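Dear colleague,

Please find below the structure that I am handing over to you.

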Amino acid sequence: MAPVPLSPVKVGHIDDVQELRNAKPTTIPERFVRDMTERPTLATALPSTSDIPVIDLSKLIKGDKDEVHSEILKLGIACEEWGFFQVINHEIELSLLESIEKLAKEFFMLPLEEKQKYPMIPGTLQGYGQAFVFSEDQKLDWCNMFALGVEPHFIRNPKLWPTRPAKFSETVELYSKEVRALCNNLLKYIAMSLGMRQQAFEEMFGVAVQAIRMNYYPACSRPDLVLGLSPHSDGSALTVLQQGKGSSVGLQILKDNTWVPVQPIPNALVINIGDTIEVLSNGKYKSVEHRAVTHKEKDRLSLVTFYAPSYEIELGPMPEFVDESNPCKYRRYNHGEYSKHYVTSKLQGKKALDFAKIHTKISN
């Protein structure tokens with residue numbers, strides 16, 4: 001989570017999208033209307049999402065040798081060909097998933113003046129508001145966000161942890177602890193799928209940084225003109241997404257230059273590879289662009305956890321993924337510096353990763 005910027009970021013007036021929706025404007029404010037090239041195609045015949053891999057964590061943890069081997073192969077294909085998968089039997093109590101979702105919804109339903117007690121200062125990523133806005137003419141996402149730094153404790157801003165709804169903070173603590181354990185587990189098996197030791201990532205990451213962000217996408221009268229969240233890849237190592245029950249299908253991933261919607265599986269969590277794993281694997285596993293679209297009648301809620309190495313860690317491609325046929329694609333860098341770069345740039349596809357790329361000169 002980035003520190004407060006050295007100088008104020010001027011972003012102009014930002015409408016609260018829930019308030020906008022309630023006011024039922026006859027036209028969408030210009031700052032939300034996307035350029036023609038960015039507008040989502042809301043075709044009825046969207047590509048099938050049945051191919052998005054589903055990983056059964058119980059087979060990895062409790063399966064026999066053959067089941068473990070088969071599931072790790074599936075996991076490797078998911079990471080290499082999709083960068084996304086859904087995980088079932090993840091061992092997080094369903095009652096906890098329901099509790100955090102209920103409390104998140106209750107927070108977003110609070111009066112605006114109550115939510116504004118926890119403002120997201122422009123140029124930062126904690127609090128309530130719109131993130132990744134850095135100029136007065138930048139297009140805005142049709143989304144309200146509430147984000148908190150969770151681990152390690154020094155990244156927290158206690159003033160931004162709300163007192164309403166009741167039990168919000170303690171539920172976020174419990175939920176985050178369970179998701180952290182899930183990330184640790186998944187990284188062990190992702191390491192194995194790469195032919196590495198189980199503990200390789202855990203040892204490398206130090207005290208991992210963890211943050212949670214809640215996204216609320218109100219219904220929009222012109223979903224063909226706006227985006228809920230701009231296309232981007234994540235700067236994390238892993239991202240864990242919980243999609244609200246009964247919400248509209250909003251997540252889309254870029255697969256073979258086509259935006260593919262992700263149909264949620266009940267009680268599953270959606271996992272995606274972040275830029276960190278792409279760098280460490282020298283591009284074998286790639287972070288994938290994704291975005292959120294809105295719906296004409298249905299609201300959408302999602303909860304996202306970002307899990308990344310300690311800010312002190314130096315990162316770069318691991319030697320086992322670099323050889324003559326796979327030259328080094330990324331330079332070594334400090335993860336804290338990359339995080340600062342990521343959160344002080346607007347969401348723009350995979351542009352943030354240019355920070356780490358080695359650009360080879362083409363000779364004539």
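Asn 89 is located in the loop between β2 (84-88) and α4 (94-108); helices (H or I, at least four residues) and strands (E, at least two) are DSSP runs, numbered from the N terminus. Although Asn 89 is not a glycine, its phi is positive, at about 50°. With a relative accessibility of 42%, Asn 89 counts as partly exposed, a class that lies between buried (under 20% relative accessible area) and exposed (over 50%), with a 1.4 Å probe and protein chains only.

Please note that this is a predicted model, in which local features need pLDDT of at least 70 and side-chain atom pairs count only at pLDDT 80 or more, while totals for chains, interfaces and linings use all residues. Residues are numbered from 1 along each chain as its sequence is written, and side-chain values use heavy atoms, with hydrogens and water left out.

A positive phi, near 55°, also occurs at Asp 256, a residue other than glycine. Asp 256 belongs to the loop between β8 (251-255) and β9 (258-261), and its relative accessibility of 64% places Asp 256 in the exposed class.

I turn now to the cis peptide bonds. One joins Glu 151 to Pro 152, with omega at about -15°. Pro 152 sits in the loop between β4 (144-151) and α6 (168-193). The loop between β4 and α6 also holds Pro 165, which is joined to Arg 164 by a cis peptide bond with omega of about -5°.

With kind regards
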